[in-house]
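I'd like to walk you through one protein model, so please have a look at it while I talk.

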Amino acid sequence: MTAVLFTCAGQRVDIVTAFGRAGATTIASDVDRLAPALYHADRKALVPRVDDPGYVAALAALVAEHDVRLVVPLTDLDQEILSEHRSELAPALVLAPAPEICRTMGDKYLAHAFFVERGIDSPRTWLPGDVPADARYPLLVKVREGFGSRHIYRADDEEQLAFFLRYTTVDSMVQELCLGEEFSIDVFCDLDGRCLNAIPRTMIQSKGGESIKGMSIRDAELVEHGARVAEAIGIVGPANVQCFREPDGALPVTDVNPRFGGGFPLPLAAGSRYPELALALARGERPEPRLGDYRAGVVMTRFFSDLCLVGDGVLRPVEAKDA
């Protein structure tokens, strides 16, 4: 069985358990001893903060202890760090693109410039002092580096724009609001950057920047678009491409997150087999692309769940019948 180390495991129980069902031995790590995913893995480990000088060394020790063959970062927090320190985590494969790709996609203004350079349509975007007089309102004031839809404000006119630029406390950019329907495309690429599959889904409802209701759809144009964007960027492993279909048919990309997306359960249920593909890469295999091979019409609706723990020196899960 292939041992997989998940970093910043947090609440990503869905991903950890999916890899377990795919045949992996799962090791979840986090700085927070109450991170739920720790208690759904075969092994758990507490590690330093990602900005601690000893963070990578702690992960390397886990790789050696558990004979880990695959390292999967589950958030943006340490993705670039792990990509930069691949050699220290060998022989495990770090499932992330090159450090400069992680860095660029993490800065939404740099990502916009990157998209434009490579012929990928993207909404008109400016730094705060560069908004032209012909900018089409509404405009969005958006944080350059962040997640969870925090620090995003809609400005319907120049007065509101000036207010929100004064109000926001983070480094921001200004972007034209897309007018069409929003879609997410969950993609997975091999180590050469070939897109192995791309599964588009609707965004029926989101909360805190994460999809909680959506449906996989059969849309050849979106499949092709997701694959083209992923390959143009140089994605390795999973990524989530967010785009809109505008009234004129354009498909501007607003964001690309080079990791498993928050809506991971939906493409999984639609037949993505992304955990199996990741394990195949860790074994040195080269799977063939299977674009369009998924089930359309699969609906995801998410709900809260909880995990009760009892402390007897070491926290462990407890059910009501055990109380």
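So, the lining of the second largest pocket: its residues split into seven nonpolar, four polar and six charged. On those words, Ala, Val, Leu, Ile, Met, Phe, Trp, Tyr, Cys and Pro count as nonpolar, Asp, Glu, Lys and Arg as charged, and the others, Gly among them, as polar. The volume of this second largest pocket is about 320 Å³. Of the 17 residues lining it, D76, E80, C102, G106 and E145 are the closest to its centre. Helices α3 (79–84), α5 (99–106) and α6 each give at least two lining residues, and the largest share, four residues, comes from α5.

Before I go on, a word on where this comes from. It's a predicted model, where local features need pLDDT of at least 70 and side-chain atom pairs count only at pLDDT 80 or more, while totals for chains, interfaces and linings use all residues. Residues are numbered from 1 along each chain as its sequence is written, and side-chain values use heavy atoms, with hydrogens and water left out.

On a 1 Å grid over the protein atoms alone, a pocket is an open set of points with protein on both sides within 12 Å along at least five of seven lines, whereas a cavity is a set where a 1.4 Å probe fits but cannot get out; lining residues have an atom within 4 Å of a point. Grid points are joined across faces, edges and corners, and a volume is the space filled by probe spheres set on the points. Helices (H or I, at least four residues) and strands (E, at least two) are DSSP runs, numbered from the N terminus.

Now, how many cavities of 30 Å³ or more are there? The count comes to one. The largest cavity has a volume of about 40 Å³, and its lining includes D186, P238, F260, F264 and Y274. Strands β10 (181–189) and β14 (237–245) each supply at least two of its lining residues, and the lining divides into seven nonpolar, one polar and two charged.

Let's stay with strand β14 for a moment, where N240 sits. N240 is buried, at 5% relative accessible area. Buried here means under 20%, exposed over 50%, and partly exposed in between, with a 1.4 Å probe and protein chains only. The side chains of N240 and D186 are joined by a polar contact of 3.2 Å. That term means a pair of N or O atoms within 3.5 Å; within protein, one must be able to donate a hydrogen and the other to accept it, and residues adjacent in sequence count only if both atoms are side-chain atoms.

On to the rings. The whole structure has eight aromatic pairs. Rings of Phe, Tyr and Trp (its six-membered ring) pair if their centres lie within 6.5 Å, and planes under 30 degrees apart are stacked, over 60 edge-to-face and the rest tilted. Why is the pair of F163 and Y167 called stacked? Because the ring centres are 5.7 Å apart and the planes are at 20°. Both residues lie in helix α7 (residues 158–167), four residues apart, about one turn of the helix. F163 is partly exposed at 39%, and so is Y167 at 48%.

Next, F260 and F264 make an edge-to-face pair, 5.2 Å centre to centre with 75° between the planes. F260 is buried at 4% relative accessibility, and F264 is buried at 2%. Together with F6 and F19, F260 and F264 form one aromatic cluster.

What about helix α10 (residues 274–282)? Seven of its nine residues are buried, so this helix is largely enclosed by the rest of the structure. Y274, P275 and L277 are among the buried ones.

Last, some backbone details. Most residues other than glycine have a negative phi, and most peptide bonds are trans. C8, though not a glycine, has a positive phi of about 50°; you'll find C8 in the loop between β1 (3–7) and α1 (13–21). D67 also has a positive phi, near 55°, and lies in the loop between α2 (55–66) and β4 (68–73). As for peptide bonds, the one joining A90 and P91 is cis, with omega about 10°, and the one from Y137 to P138 is cis with omega near 5°.
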